[in-house]
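The sequence and structure are shown first.

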2 protein chains.
Amino acid sequence: MIRVLLADDEHLIRGALAQMLELEDDLTVVAQAATGDEALAACRREAPDVAVLDLQMPGLDGLEVAERIHREQPGVACMIVTSHGRPGHLKRALAVGVRGFLPKTTSAVTLAEVVRTVHTGGRHVDPELAAEAIAAGDTPLTPREADVLEAAADGAPVDRVAGRVHLSPGTVRNYLSTAAAKLGAANRHEAVATARRMGWIS
Amino acid sequence: MIRVLLADDEHLIRGALAQMLELEDDLTVVAQAATGDEALAACRREAPDVAVLDLQMPGLDGLEVAERIHREQPGVACMIVTSHGRPGHLKRALAVGVRGFLPKTTSAVTLAEVVRTVHTGGRHVDPELAAEAIAAGDTPLTPREADVLEAAADGAPVDRVAGRVHLSPGTVRNYLSTAAAKLGAANRHEAVATARRMGWIS
DNA sequence: ACTCCGACATGACAGATGTCATCGCGGGTC
DNA sequence: GACCCGCGATGACATCTGTCATGTCGGAGT
């Protein structure tokens, strides 16, 4: 019997998913969590075989949870389920030791199968997402550029961004300028949009 | 037996939800749809008692589908289920004749109950969302301001926005300026962010 | 008829932003 | 040691934006 931890902030979805997994003879949901922190706590307590994590959750997101679980309990196989599958997320997930990555558009049978796959040590990523990730390539941004772009993501004026990242306004402008150029955007706001779409910034 | 139409682009969720609703003795899912257009077609074909619509779907979104269903088949009770419950969406939904509005964070039993409620002619909106909607109030933007702001939502420079809405660049700047002022934003990009948060633009 | 308001436009000006050249510092690499 | 590259900074310049004053036009109310 494969013991599954289920984390998703949407109660309705989580409940429905749990019911569905319980329907499988060889699966049992031993814990549910609505936030990243809950998921982590539940994982320590129950030591499940597989952790099914939603990407976007309040508090720690699925990727951060997966990272910590992977460090603390390497025996627990993590997999990510998400509505918005950005290429960058997949890369980060794999880097962090995630063994399964599925969009919520996949069918129920696939989910159960993937749970079994990762439990036996295998990996599975959605083919379409994988293709996108390959097509998108790696981020062209330096770490600092990504930081600054993210700090500018809410549309705040340069000065405020500069305060957030503790840089001079001029430096911020330079970073944003090069970032926008690398992303082929006309200004930083477009740059933010494309970087978001690619999953290069949160 | 209450006949339910279920529309959600996330296959996993839709399937799980369907199973869950089928578990109720007095409910049966007669059709499922992954897009707005499919939902509309299925609704015409099956004439269900209740249509459960996700807000964000490819093609027509839940609100547009609800509007058309309400016009074409007033006998079909529409309800919206969504992950991101913005205050503005709720207002628009009620204006369009939607009878139930729930975030996906609600529990499964609530969903079933609300399906029954709207079927008997009642209404149900999530109390928390209702409170937010009241607190948020109506959009301060004129229709045209909202249009222009939405056209500027992806961060495009003024000229491009002007092209999209067939206006002179100067006029666009004026609209964006007044919109930003009304929303208390430092620039149009912040204005876009707050308008999005409130559900005043898609 | 008169008034108000929203849609649309123009012109002008200040301040914010994008761009570029240039600099120093430190960590790798050949 | 020489070199490249990323990080951080400055200054100058051109352009883009935000703001305001001002005007026209048509529809809705009174």
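## Salt bridges

A salt bridge is a side-chain nitrogen of Lys or Arg within 4 Å of a carboxyl oxygen of Asp or Glu. By this criterion A:Asp8, A:Glu10, A:Asp54 and A:Lys104 are linked in a network, and the structure holds 26 salt bridges over all chains.

One of these joins B:Arg116 to B:Glu24, with N and O 2.6 Å apart. B:Arg116 belongs to helix α5 (residues 108–119) of chain B and B:Glu24 to the loop between α1 (11–23) and β2 (27–33), so the pair ties together parts that are 92 residues apart in sequence. Helices (H or I, at least four residues) and strands (E, at least two) are DSSP runs, numbered from the N terminus. B:Arg116 is partly exposed at 26% relative accessibility, and B:Glu24 is likewise partly exposed at 26%; buried means under 20% relative accessible area, exposed over 50%, and partly exposed in between (1.4 Å probe, protein chains only).

A salt bridge also connects B:Asp154 with B:Arg164, the closest N and O atoms being 2.9 Å apart. Since B:Asp154 lies in the loop between α7 and α8 (158–165) of chain B and B:Arg164 in helix α8, the pair ties together parts ten residues apart in sequence. Within helix α7 of chain B, B:Arg144 and B:Asp147 are three residues apart, about one turn of the helix; their side chains form a salt bridge at 3.3 Å, N to O.

## Basis of the model

The model is predicted: local features need pLDDT of at least 70 and side-chain atom pairs count only at pLDDT 80 or more, whereas totals for chains, interfaces and linings use all residues. Residues are numbered from 1 along each chain as its sequence is written, chains are lettered from A and ligands numbered from 1 in the order in which they are written, and side-chain values use heavy atoms, without hydrogens and water.

Of the 17 residues around DNA strand C, A:Arg173, B:Thr142, B:Arg144, B:Asn174 and B:Tyr175 come nearest; a residue is near if one of its heavy atoms lies within 4 Å of the strand.

Phosphate oxygens of DNA strand C lie 2.7 Å from a side-chain N or O atom of B:Thr142 and 3.0 Å from one of A:Arg188.

Note on methods: A polar contact is a pair of N or O atoms within 3.5 Å; within protein, one must be able to donate a hydrogen and the other to accept it, and residues adjacent in sequence count only if both atoms are side-chain atoms.
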